[in-house]
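Dear colleague,

Please find below the sequence and structure that I am handing over to you. My notes on what was found follow directly after.

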Amino acid sequence: MAQPEFGKTKAEAGASTEALAARQALAKALLEKGALAAKHVLALDLLERVHEPIGKYPYRGWETLYREQWNYDSFGRTTHSVNCTGSCTWKVYVKNNIAFKEDQYADYPEISSSLPTYNPRGCQKGANYKEYVYGPQRLKYPLIRTGARGEGKWRKASWEEALSYIASKVVETISNHGPDTITFYSANQAKFAITYAAGARLANLIGGVVCSFYDWVSDLPPGEPMTWGVQTDSCESADWFNSKYIILWGSNVLETRIPDAHFITDARMHGTKIVAIFPEYNPVSIHADIFIPVKPGTDCALALGMANVIVNEVLYDAAYLEQYTDMPMLARVDNKKFLRESDMVSGGRADNFYFWNQKTGKAVLAPGTMGSSNKTLDLGTIDPALEGIFTVSTLSGEVKVTTVFSLLKQKLKAYDPASVSGITGVDPGLIAEIAREFAAIKPARIIEGAGVNHYYHNDLNNRSKILIAALTGNVGIPGGGFDHYVGQEKFWPEEGFFKLAYPLGRSKQRFQPMTLWTYVHSNITSDVDGLWPHPISTYIRESVNNGWMPLYPEGTLDSGRSPKILFIWGANYLNQAKGAEFIIANLLPKLDLIVDIDFRICTSGLYADVILPAASMFEKWDLSTTDLYTYITPFTPVIPPQLGSNTDWQIWKDLACALADTKFSFRDTLPDGSTINRDFSTLVEDFTAKGTLDSDKDTAQFILDNSIETKGMTMDAVNEQPRRFVATSEAWTSDIRDGAAYYGFQRMYELKQPLSTLTGRQQFYIDHDWFLNDFKEELPVYKPPVDGSKYPLRYLTPHGRWSIHSVWRDATYQLRLQRGRPIVYLSPNEASVRGLADNDPV
Amino acid sequence: MPVKRQIRMVADLNKCLGCHTCTMACKTMWTDRNRGQMHMYWNNVETQPGMGYPKNYETQGGWFNVADRNSIPLPNISEAYGSPWEYNYYEVLQTDGDDTSASELVPSPEPSGSGVYSSNWDEDVGAGIFPNSYYFYLPRICNHCTDPPCVDACPRQAVYKREEDGIVLVDQTRCRGYHHCVKGCPYKKIYYNPEEKVAQKCIFCYPRIEEHKGNFCATQCVGRVHHVGYAEDTSSSVYKLINKWKVALRLHPEFKTEPNVFYIPPFSPPTYSSTGKVTSTPRIPFEVLARLFGDTPGQSLNQRADRVKEIFDTIQSERNKVASGGNSELIELLIPHSETDRIQV
């Protein structure tokens, strides 16, 4: 484009020269009279012509404007505790004591020059947490409810009044109902170990009940404890880069693991084939090499269809199956139970199991089982048969036995690609093709997320996918396996955390699975009751009576005892609840006191009796870790606690102080029969360990000092730069090694260490009576979604891009980048059938 | 007179997560505290195909010649940029210890009616019929064009291009808000501030560039989409991607402004045939990409489509090379190990 002369024709330019001269004269006169301020002079076109706006602009003094906007007084490091699995380290810039800009610190040390780094780590939500720090959602001082619960009527209270009120209710409740009616709930120590430990520590000291969270929010993949004996053990996201084949299966990492998603797009550029299996064409699918649409809730069938192909075409890794899975273990043909040592030998153990040794033609005890003294998966001279029917002499005579693999093969016959195609809608040829690729390309990995885990039969879904990872020998190697990511689930420096949170010891703590507690005390009527031979309550009673699962208060099922006080902190219990209407109708009336501790009013706060304002994530020392990487990330007080808020450690310490003032004491008998004399007058000394754990920074240091993962680290040093863990405890399935990304089950694969399952291996066969007889789930099978055919539409509720659970759901800057309100996507065809147009309210 | 150095940015659309961290990084630095800026996203991310931001900007035209001046529409704030909704927090959350009068957070104005829009209204909508639906993300800042029409459009000559880096700025003291520059930019990357009555725009974070730090949209990008450097620096990753490997294209080069932001066009998974078999055709039609991206104003749509295909072939063959154990400079560029590999300022 030619440079036009001042945007005007020559004639125009000439005409305006005269006018300009006249106006300049007028302006000069007005200025001299003082009738016109100097700043307005330019408005009268007292302009010098700029000859070369491209490259030679003469009036650049104004540019200081934006330099000043960027100027800052200081900056500090923190992260966010929203259980998003990010745990990202952020740099917060401060000017005039206002935190005005968030930027990623981007200083995670590299693991290896051959892996992309974790820098920068964050997302658009973490980039604007300041909105909450200064927003109208923020709590300013303690509030005490004055209207009905949930009505939103409050009065301002002083800290002294609020805490002494809570303390008196606690003492009264322990006296009248016992300490196991006081329940403590927070979500996930990994997102804020100190905040979590503060409440748990007080619970431990006064005898209260501490609830679980990972099962309750349905982030737990139950197939992992069933198959692997672990809660979850997943690789850090850098190991995705080591994969050659990745199936993204119900894990929309572009939206739900934003800080880690680049390892997928990086791996793809590196030649890794990316397969996306989802019911909808979603953000991560756009970066896949193939998108495979599957009918909602049928993923398990698809996995079993792949297993069918892998087994039929003998694409499995037989040597791997023999050593690292229960596939060669013998099961009785008559009652389908494992063949146990107790079947064979008088006084034999029920937790020892057999192989058929092809070398000797005899059943032989497998090493590494739960009851075995030989704690290895090394087969030595045993050559286990993977298939066949054999005869063994038991204490009660000759019995036919077969292998788990033979049973599996039989079971998988139902899942030929044509049948599976009918269930899943996936082309049978495509099912076979991805099965063959998954078996051929090593290392291959399945990344799973909440999308497929929030189904009733999620355990079967998990087990089926782990099955194909194991059949192909991918579990325990870099770049391979089955990795599930939803929530931060466990805190890496676990030992120090346990010491801090449970000073009397974990064995002296009343722990409670939150799902069971909520289900029972809210009298939830379940739509899965009719699925099984017995109602759910029958199974619960059997489990509680056998001591498989604790249920507090003790005697609930028989005596009708019920909880009386609920503390919620750093968590939005009601928002998380499936069946919140039952909680509000049935559980809340049982509670004499609900205390919510948070930096903002959330849904749980709205239904609380007392709300205590906590410091924000910019205002305290704390620690965060995530399964997605191997660093310890600190929170630090970039600014002091704002308004009338306090750090969580301080709040719980102050509550300990208020309780100490009551001088209450009682003798507490624990479920194991032991007794503890609980004397509140020493509660502050106990809580602060005689003053050594006075501040939140002291406690964070205590965790670092007491954990093998963080040995030798100081809070000041990790504030200087995040550090990678130096070792892993027995709670993890692999070692941390310099120069290598963390992945699961290395100790099983490389070191032949048994897993904590009954058989000591990846266990696909479960011979519990419920599984064998009531559920018919002794091996992975497909079960359709509950009520899947009852309704015309399926409502998928994936995690979203714009919020983490309820946080940022009410944030203006996030909402402005959406449609102002929460949305649902509906197929255009389904919408038009219902007379709906885009943006209609539904 | 040409500038001494020209800053450039390449966005690899195969890396874009659509997460808007760039948008928020920019918003929270430059346009969240002063009056009249709430509708502005100096950096935005739009789902393509889609109406973009501001609405239908691609069809609004620009200051291609003086005669266009009166025919170019001026985007309306609520209907083109989107209303910056406000919320009734104080009615719902009585954090001051009082009664609440509302039970639900609601946006104001209500996002309904025919004129409703927002900067990300089209998020993830795209085009195509399931299972062959398609879309991709397009992050956009000011292109800091080599031949910037906004400079020509300003009757007060308040828009200029910096000598040392080619960054295009609006002089905030000289501007009087005639908003001819808003009309002049065919990418609609200059915004009118109705409160301050001045034009404002992406400044390429020049206070950061002057400190040899990257612009926030690029450095905060967690997808590691952006490469930033100087056009003249042959060792920079922008030079290598644009000039050496020729895998980056301009957005709407037919606008003739010579943008200095380039894009690596996005791959897409193959379509399914009517019988449910996987095809070898990418689901984003080449014509959709060719309509958006090209090298020069003179290229035909077919030539632009051929360039997209050529880029795909180049990247795919380098990708295969690495997959089978080889080395590739291009793939190394596309997998930046750390920030210094993609930002050289």
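**Strand pairing in chain B**

In chain B, I7(B) stands opposite Y230(B), a residue of β10(B). Please note that this is a predicted model. The two strands concerned are β1 (residues 7-12) of chain B and β10(B), which run antiparallel and are joined by five bridges. Strand β10 (residues 226-230) of chain B is mostly covered, with four of its five residues buried.

**The open sheet of chain A**

Chain A holds an open sheet of five strands in the order β10-β9-β8-β16-β17, with parallel pairing. At its edges stand β10 (290-293) and β17 of chain A; each has a single partner strand, so one side of each is left without a neighbour in the sheet. From one strand to the next, the twist averages 20 degrees. Strand β9 (residues 273-278) of chain A pairs with β10(A) in the parallel sense over four bridges. Within this pairing, A276(A) has F291(A) of β10(A) as its bridge partner. Helix α16 (residues 458-471) of chain A packs on the sheet and touches β8 (245-249), β16 (444-448) and β17 of chain A. The direction of α16(A) makes about 150 degrees with that of β17(A).

Chain A is divided into domain 1 (10-63), domain 2 (143-217 + 490-724) and domain 3 (235-317 + 414-484). The C-alpha centres of domain 2 of chain A and domain 3 of chain A lie 37 Å apart. Their contact takes four residues from domain 2 of chain A and five residues from domain 3 of chain A. On the side of domain 2 of chain A that touches domain 3 of chain A there are three nonpolar residues, one polar residue and no charged residues.

W492(A) lies in the loop between β17 (481-484) and α17 (494-501) of chain A. Is W492(A) buried or exposed? W492(A) counts as buried because it has 29 C-beta neighbours inside 10 Å, and the cut-off for a buried residue is 20 or more. Leaving aside neighbours within four places in sequence, W492(A) is in contact with T625(A), E709(A) and F725(A). Of these, F725(A) is 233 residues from W492(A) along the chain, yet their C-alpha atoms are separated by 8.3 Å.

**Two helices of chain A**

Helix α12 (residues 404-412) of chain A has the buried residues V404(A), F405(A), S406(A), L408(A) and L412(A). Their cover includes α9 (299-312), α10 (318-324), β11 (330-332) and β15 (397-403) of chain A.

Helix α24 (residues 648-661) of chain A has 14 residues and reaches 20 Å from its first C-alpha to its last, close to the 20 Å expected at 1.5 Å a residue. Among its buried residues are W649(A), W652(A), L655(A) and L659(A). Just after α24(A), K663(A) takes a positive phi of about 55 degrees.

**Contact between the chains**

The contact takes 89 residues from chain B and 84 residues from chain A. Elements of chain B that give two or more residues to the side touching chain A include α1 (21-30), β6 (159-161) and α10 (301-323). The largest share of that side, eight residues, comes from α1(B). By class, the residues of the side of chain B that touches chain A divide into 43 nonpolar, 26 polar and 20 charged.

With kind regards

Note on methods: Residues numbered from 1 in each chain as written. Chains lettered and ligands numbered in written order. Predicted model: local features only at pLDDT ≥ 70, side-chain atom pairs only at ≥ 80, totals over all residues. Contact = placed C-beta atoms within 7 Å. Nonpolar A, V, L, I, M, F, W, Y, C, P; charged D, E, K, R; others polar. Domains from an automatic or database assignment. Buried ≥ 20, exposed ≤ 12 C-beta atoms within 10 Å, placed from the backbone. Pairing = 2+ DSSP bridges. Axes fitted to C-alpha atoms, helices over the stretch in contact; angles between N-to-C directions. Expected span 1.5 Å × (residues − 1).
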